[in-house]
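Here are my notes on this one, as promised. Have the model open while you read, and go through the points in order.

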Amino acid sequence: MTSEQQPPEAAASRPSRGLVITVAAVLAVLLAVVATVVLWPEDAAKPAAAPPPPTPTATPTPSPTPTPTPTKSPPPYAYFPVGTCFDHPQLSPVITKAEQRPCTGDHDGEVVANLRLPDNLSGELPIAVAMRDGCKDAETTAKAHQTDGKSYYPREFGPALANYKDGWRDYTCTLTAGNKQGSPKLPTPLRP
């Protein structure tokens, strides 16, 4: 026997080459299955439950009237609270917009009432007539309280047609010492 050959018992006790390859293949398949099971991502997350339906709320009913007078910004025309004294560009040539003034100094006029125009007026003239007619009682009463013998003139300030169409309805009734630019000023507040 040569040294290259092994004894017959040792060769018989060694597994055959085909058996080794088969065992290795089975182990590789088993390892792949185990790895797949361990590393496989879990089922996709279940979708969250749907939120409950919103509770029903009352739907506001539309108003049949035009847009109300905006309250967050001042009107785009002369408008002051009752009792406010002012100068106005139609009476004072040195100013360009109506300005509040102290009643204890010279001023063009004083607010005697604030009223609201009706809906559905159709032009500048109907607006002016409605303001004039609306202010008559307040201006007549205020004039009657002035016992100094001076002349007082009614004057109304309110929305132009474009403002009226935008929903502005408030207007101001005033008494002044004159009826044109450069007229005399009131030196004191009107008597209540």
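1. Start at tyrosine 77, which counts as buried at 13% relative accessibility (buried means under 20% relative accessible area, exposed over 50%, partly exposed in between, with a 1.4 Å probe and protein chains only). Tryptophan 168 is buried too, with a relative accessible area of 8%. A search of the whole structure turns up 3 aromatic pairs, where rings of Phe, Tyr and Trp (its six-membered ring) pair if their centres lie within 6.5 Å, with planes under 30 degrees apart called stacked, over 60 edge-to-face and the rest tilted. Tyrosine 77 and tryptophan 168 make an edge-to-face pair, 6.3 Å centre to centre with 85° between the planes. Tyrosine 77 sits in the loop between α2 (17-39) and β1 (85-87) and tryptophan 168 in the loop between α4 and β5, so the pair ties together parts 91 residues apart in sequence.

2. A word on what you are looking at: this is a predicted model, where local features need pLDDT of at least 70, side-chain atom pairs count only at pLDDT 80 or more, and totals for chains, interfaces and linings use all residues. Residues are numbered from 1 along each chain as its sequence is written, and side-chain values use heavy atoms, with hydrogens and water left out.

3. Next, the phenylalanines. Phenylalanine 86 and phenylalanine 157 form an edge-to-face pair, 5.7 Å centre to centre and with 85° between the planes. That pair links distant parts of the chain, with phenylalanine 86 in strand β1 and phenylalanine 157 in strand β4, 71 residues apart. Both phenylalanine 86 and phenylalanine 157 are buried.

4. For the overall layout, count 4 helices and 5 strands (DSSP runs numbered from the N terminus, helices being H or I of at least four residues and strands E of at least two). From the N terminus on, the order is α-α-β-β-β-α-β-α-β. Of the 192 residues in the chain, 28% are buried. Among contacts (heavy atoms within 4.5 Å) between residues at least 6 apart in sequence, 67% join residues at least 24 apart. The chain exposes about 13600 Å², with carbon and sulfur atoms supplying 61% of it; these areas come from the Shrake-Rupley method with a 1.4 Å probe, and for residues only the protein chains shown count as cover.

5. Now α3. This helix covers residues 124-145, 22 residues in total, and reaches 31 Å from its first C-alpha to its last, close to the 32 Å expected at 1.5 Å a residue (the expected span is 1.5 Å times one less than the number of residues). Where does α3 bend? At lysine 136, by about 45°, the bend being the angle between axes fitted to the seven residues ending there and the seven starting there. Its buried residues are Ile127, Ala130, Met131, Cys135, Glu139 and Ala142. They pack against β3 (109-116), β4 (153-157), α4 (161-165) and β5 (170-176).

6. Lysine 136 also forms a salt bridge with aspartate 133, the closest N and O atoms being 3.7 Å apart (the cut-off is a side-chain nitrogen of Lys or Arg within 4 Å of a carboxyl oxygen of Asp or Glu). The two are 3 residues apart in α3, so about one helical turn separates them. Lysine 136 is partly exposed at 43%, and aspartate 133 is partly exposed at 38%.

7. The whole structure has 8 salt bridges. One joins lysine 185 and aspartate 108 at 2.8 Å, N to O, linking the segment after β5 with the loop between β2 (99-101) and β3, 77 residues apart. Aspartate 108 is buried at 2%, whereas lysine 185 is partly exposed at 33%. Asp108 and Lys185 also belong to a salt-bridge network with Asp87, Glu99 and Arg101.

8. Arginine 169 and aspartate 119 meet in another salt bridge (3.1 Å, N to O). Arginine 169 is in the loop between α4 and β5 and aspartate 119 in the loop between β3 and α3, 50 residues apart.

9. Last, check asparagine 120, in the loop between β3 and α3. Its phi is near 70°, a positive value in a residue other than glycine. Most residues other than glycine have a negative phi. Asparagine 120 is exposed, at 72% relative accessibility.
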